[in-house]
Amino acid sequence: MTGNLAISATNLTRKFGNILAVDHLNLEIPEACIFGFLGPNGCGKSTTIRMLCGLLTATEGEATVLGIDVARHPEVLKRRIGYMTQRFSLYDDLTALENLRFMGDIYRLDRQTRDDRIALLLERFELEALSNQLAGTMSGGQRQRLALMAVTLHEPDLLFLDEPTSAVDPESRRQFWEFLFDMVDTGTTILVTTHFMDEAERCHGLAILDKGALAASGSPRQMKESLPITVIEIESGHSRAVRDLLLLNSKVVDVAQIGTLLHALVDPGEAEPIRHLQRLLRQSGIKTEMKVVVPNLEDVFVMATHGLMPA
Amino acid sequence: MISGVSISRVWAIAVKEVRHLRRDRLTGGMIAGIPVVMTILFGYAINNDVRGLSAGVVDEANTSASRQLIAATRASQVVDRLSAADSPWELEQLLANNEISIGIHIPADFERRLALGQRPLAQLLVDDSDPIILGAARGLVNLSVAGFQPTESLTTFELLPMFNPERRSAVFIVPGLCGVILTLTMVLFTSIAIVKERERGNLELLITTPVTSLELMVGKIAPYIVIGYIQVTLILLLGVWLFDLPLRGSMVELYLAVGFFVPSVLTLGLIISTIATTQFQAFQLTFVTFLPQLLLSGFMFPFEGMPKAVQYFAEIFPLTHFLRIVRGIVIRDAHLAALTDELWPLLLFFVTGMIFATLRFSKRLD
């Protein structure tokens, strides 16, 4: 049912010289959902978004966005999408209101519609008091809300957000996501890149990218449940020493420290994982408390970027 | 006190600076390119010894002696292309319209003057809106002819400077300055126009919108046309107030011509803006295009003194044409209708430049 797909890409590939930035990516993103690209810096998230917006030409493969062939009709597509760049791209030396009016005029909204929508959005995004302040003097959270307003004024069907919350405090981030869910409710599709696990958790669908290729995809819950690994939480007074000892064993895939706790990913083939780990630590004499826990998204991420997810 | 200066830190900064230059290929090229190209170009092109001026001749005597005088004038090589005119009045028109630089008027009583030896034999009408042409004409004044010995007080030609008899520099310089200042400011404004948006990251947003390249280009230069008019007005007002500049021709026609000139220089800025990738590069390119215009347009050195090839090259510059227009209208009371040869090159520059800039500006990032 391609009719319900906002984005579909086949073998989407982009090379910069000899560097393979995006490697035969296949995507199917349904309409009216928030879809997240999760991955380390340089994994090809931004390059993929730029190809889907028609800003970069794909070296290979093709993409259909909102039913439009991106390679052929990028300008038709541009009227129906909004793209919030990673870097703040409005004008620092214009006020919030001037920036918004400019964007409204670029999308050729008639004056009444433009001003109505600006007023409505300013209220919803709690920026009314700042409407005459220069964008350059706003805080990270305020600028981010302004940028989102600017790319949603023309009511796009599809919104690309490239690391929208990287310069934003947690409270503003929470609020920002509320806005995103409101928009999805009205039928907008949102593609967002992030490297925050809590944000990835909120997405309806998720693709983990690693070195330009798709390492895993699905809903966050699906991915956690289907994770072919046993996760053991370890509490001990000597986290670093425990970690170093455990990593020597081939059945231990990864050990991550979370505060005073350790998260050990253990081969699911091991029938008694806790006993196995305790055996490894016996010689050192370190006292530990261990229990099996449900995997979290970070565990999924670690597995995916180690190439250990089932295709 | 130099105790606070660490040589190793100075060295580190110097090395880093050299690395920046090496990574910036355009700047690297300019380090060698500017001195080499400019020295060769200007060294060959600039010549204060003017030859080959075009002249108009009215020979009312039409005797063998008068024809000898004309031949002697030509032999001096100061004038080259001679064209016949019917009356001194026509010579003045030709001078006003910049079709000739010097008018030679040999009066009907030429033979009598030659016989009596009391008055100059003939007149030289000179376009002194360029002081170097006046200087060249002065070299003809004491031309010797058979049967006439010119002296300090009695010269062969009577010199008639047509437009600036008091020889005030401001009269000659200020109208040209209009063009020079506009060329510098307009190109500077627009050369960073697109580069700035690219550097600040605004462009990535803008090219994701439905805005077209042409809309962007035209919108970028439109406000500066008004600014150009403000600048011209300021320069002319200052010229009148401070330097008593006579505004002889029609100001309406001058402002109309400014409407051709300003968009063409703005387009030059736009072209630079689509080539440069940083504001620093844009600034360098502005300088590189400004210097030849300053030196080769006829503002500082006479156009006629340059080799033909360089003259053809300099015809590309908007400034070359605007100088002729502004000097023509302001100093010589010329009419724009007679200067259309200078208008269409401006229009051509604007249109070609606009097409080039629009095509060069891609709404893609690759």
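In this predicted model, the second largest pocket is lined by 18 residues, and those that lie nearest its centre are A:Tyr91, B:Ala193, B:Lys196, B:Glu197 and B:Lys220. The volume of this second largest pocket comes to about 470 Å³. Several helices take part in its lining, for at least two residues each are supplied by α3 (96-106) of chain A and, on the side of chain B, by α8 (193-200), α9 (202-206) and α10 (213-243). Among the contributors, α10(B) gives the most, with 5 residues. Sorted by class, the lining of the second largest pocket consists of 11 nonpolar, 2 polar and 5 charged residues.

Helix α10 of chain B also holds B:Ser213, a residue that can be followed in some detail. With a relative accessibility of 13%, B:Ser213 counts as buried, because the term buried applies to values under 20%. When residues up to four places away in sequence are not counted, B:Ser213 touches B:Thr358, B:Phe361 and B:Lys363.

In terms of secondary structure, β2 (79-84), α13 (308-314), α14 (318-332) and α15 (340-360), which belong to chain B, each supply at least two residues of the lining of the largest pocket. The element that gives the most to this lining is α14(B), with 6 residues. By class, the lining of the largest pocket comprises 14 charged, 11 polar and 6 nonpolar residues.

The largest pocket can also be described in terms of domains, since its lining draws at least three residues from domain 1 (53-161) of chain B and at least three from domain 2 (169-360) of chain B.

Domain 1 of chain A covers residues 2-221, while domain 2 of chain A covers residues 230-294. Taken over C-alpha atoms, the centres of domain 1 of chain A and domain 2 of chain A are separated by 40 Å.

Notes. Residues are numbered from 1 along each chain as its sequence is written. Chains are lettered from A and ligands numbered from 1 in the order in which they are written. This is a predicted model: local features need pLDDT of at least 70, side-chain atom pairs count only at pLDDT 80 or more; totals for chains, interfaces and linings use all residues. Side-chain values use heavy atoms; hydrogens and water are left out. Helices (H or I, at least four residues) and strands (E, at least two) are DSSP runs, numbered from the N terminus. Ala, Val, Leu, Ile, Met, Phe, Trp, Tyr, Cys and Pro count as nonpolar, Asp, Glu, Lys and Arg as charged, and the others, Gly among them, as polar. Domain bounds come from an automatic or database domain assignment. On a 1 Å grid over the protein atoms alone, a cavity is a set of points where a 1.4 Å probe fits but cannot get out, and a pocket is an open set with protein on both sides within 12 Å along at least five of seven lines; lining residues have an atom within 4 Å of a point. Grid points are joined across faces, edges and corners, and a volume is the space filled by probe spheres set on the points. Buried means under 20% relative accessible area, exposed over 50%, partly exposed in between (1.4 Å probe, protein chains only). Contact means heavy atoms within 4.5 Å.
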